[in-house]
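I would ask you to look at the sequence and the structure together, and then to follow me through a few selected places.

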Amino acid sequence: MAETRYTSDHEWVRLEDDGTLTIGITDHAQEALGDIVFVELPEVDRKVVEGESFATVESTKAASDVFAPLAGRVAEINEAIVEDPGLINRDPQGEGWFLRMEPGDEDNFESLMDEEAYQALLETL
Amino acid sequence: MVPFAGWSLPVQYSGTLIEHQAARTAAALFDVSHMGQVSLPAADATALETLVPGDILGLAPGRQRYTMFLNDQAGILDDIMVANHGERLVLVINAGRAAADIAHMRPHLPNLVVHPDRALLALQGPKAVDVISRHAPQAAAMPFLGVATLTIAGTECWVTRSGYTGEDGFEISILAHQAEHVAEALLAEPETTPAGLAARDTLRLEAGLCLYGNDIDETTTPIEASLAWTIGKRRRRQGGFPGAGIVQNQLAQGPARHRVGLRPEGRAPARAGTEILDKHGDLAGHITSGTFGPTLGAPVAMGYVRADLATDSTQLALLIRGQRHPARVAALPFVPHRFVR
């Protein structure tokens, strides 16, 4: 079964069976942002470094950067959220995924927070 | 909740889009108690006119008017509502400017009374009149910018038929200790949705209304801000308010820049501070307010541009995150006002 890990910026990263990473923002993130009205995603094939701002989401309140949780190459983007940004609010960890990445040479997936650690982080907020 | 000018403000309840939609289609109740409320004897209308360009002497009992405090350079110190309650003039001023406004008024208006004990609720939307009339039937007969003292839920309220959303609606001033009681009574009506300041901002932007500190401030004149309509014939002719010479000159010559509406192409909202470029790529001005307009389903913005670019449909570009996004000058309001007439 695919494993999902988390970042302190409230992104989720799911390691798929084929080794790619599916990335999105957590339910907590969409709740904090409020109604999302605009998403800008990177171009397919773009190489990103860890921590780089690679997407932007805007809610009715403000604009926020989304940072690459790991280094890699953008393999696929979810056009559905560009057309209907509200999908991110409605189903942040399902239909509202942002993009798929092929991880770079360094495999840092295990360095991300597991479910338990992320839940513990949420408790502190 | 967010802190603002010493207040804790409700930003949203059920969600900005739902609350925005409620104000456009039914009724939304906003707690805007942070707004400053002050009053003067009606006989001080002449003295008040020395501070504002609006026609206060011509403001009949039972009527309200929008005007602004100006400095000697015709810069806007605050934008305000003045309601004539008969014996007294009641002013609603911005929370962030309240202390400065009061200090500015005191030397000219020694009879000024500050009302920190009063709360303010705004009931806005096409069904607002139905909601309020169930409690105070006289409200239905009030004209746009009418003023009345009504009893709602057994409580005496200073009511004006006004608002900040472009919709029909009422602003209701009550003693703070009775505010919750009145709010509960209005929220108990099936049409009413509680709404926060985020929806108030998207609503006022679609309605093309200025936010003090963003779209107008001490560096902008009412003429540059496209608020010349607030200055009547008598005051234009006679002057007698701070910066009158500059206002008269800008009315005659036209100002060097204008506040305009802007419609960016695509979906990316252009926020305050965004650079506006002309067709040559030269800086033409800055966005002062911008958001995604839920009723339009598209981004909307306001900003100042050079006078030669201030006509509708002029093609401009907005520099959003380093990229040029096409935009055009658009008539304000973006969403037609639906005030009762």
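Predicted model: local features only at pLDDT ≥ 70, side-chain atom pairs only at ≥ 80, totals over all residues.

B:A74 is a buried residue, because 25 other C-beta atoms lie within 10 Å and 20 or more are enough to count as buried. B:A74 sits in the loop between β5 (64-70) and β6 (76-84) of chain B. Its phi is near 65°, a positive value in a residue other than glycine.

Is B:S226 buried or exposed? B:S226 counts as buried, because it has 20 C-beta neighbours inside 10 Å.

A further backbone feature of chain B concerns a proline. The peptide bond that joins B:L332 and B:P333 is cis, with omega at about -5°. B:P333 is placed in the segment after β19 (323-330) of chain B.

Which residues touch the most other members of the largest nonpolar core? They are B:L121, B:L123, B:I172 and B:V182, in a core of 91 residues. Both domain 1 (2-206) and domain 2 (228-330) of chain B contribute at least three residues to this core. Apart from it lies another core, of 29 residues, which includes A:I36, A:V37, A:V57 and A:L70.

Let us return to B:L121 for a moment. With neighbours within four places in sequence left aside, B:L121 is in contact with B:L29, B:F30, B:D31, B:I172, B:A179, B:V182 and B:A183.

Finally, chain A as a whole. How many helices and strands does chain A have? There are 4 helices and 9 strands, and along the sequence they follow the pattern β-β-β-α-β-β-β-β-β-α-α-β-α. The radius of gyration of chain A is 13 Å, close to the 14 Å that the globule rule gives for 125 residues, so chain A is as compact as a globular protein of that length. Along the principal axes, its C-alpha atoms fill a box of roughly 40 × 35 × 25 Å. Of the 125 residues in chain A, 38% are buried. Among contacts in chain A between residues at least 6 apart in sequence, 56% join residues at least 24 apart.

Technical notes. Residues numbered from 1 in each chain as written. Chains lettered and ligands numbered in written order. Helix = DSSP H or I, 4+ residues; strand = E, 2+ residues; numbered from the N terminus. Rg over C-alpha atoms; globule rule 2.2 N^0.38 Å. Buried ≥ 20, exposed ≤ 12 C-beta atoms within 10 Å, placed from the backbone. Contact = placed C-beta atoms within 7 Å. Core = buried A, V, L, I, M, F, W, Y, C linked by C-beta atoms within 7 Å. Domains from an automatic or database assignment.
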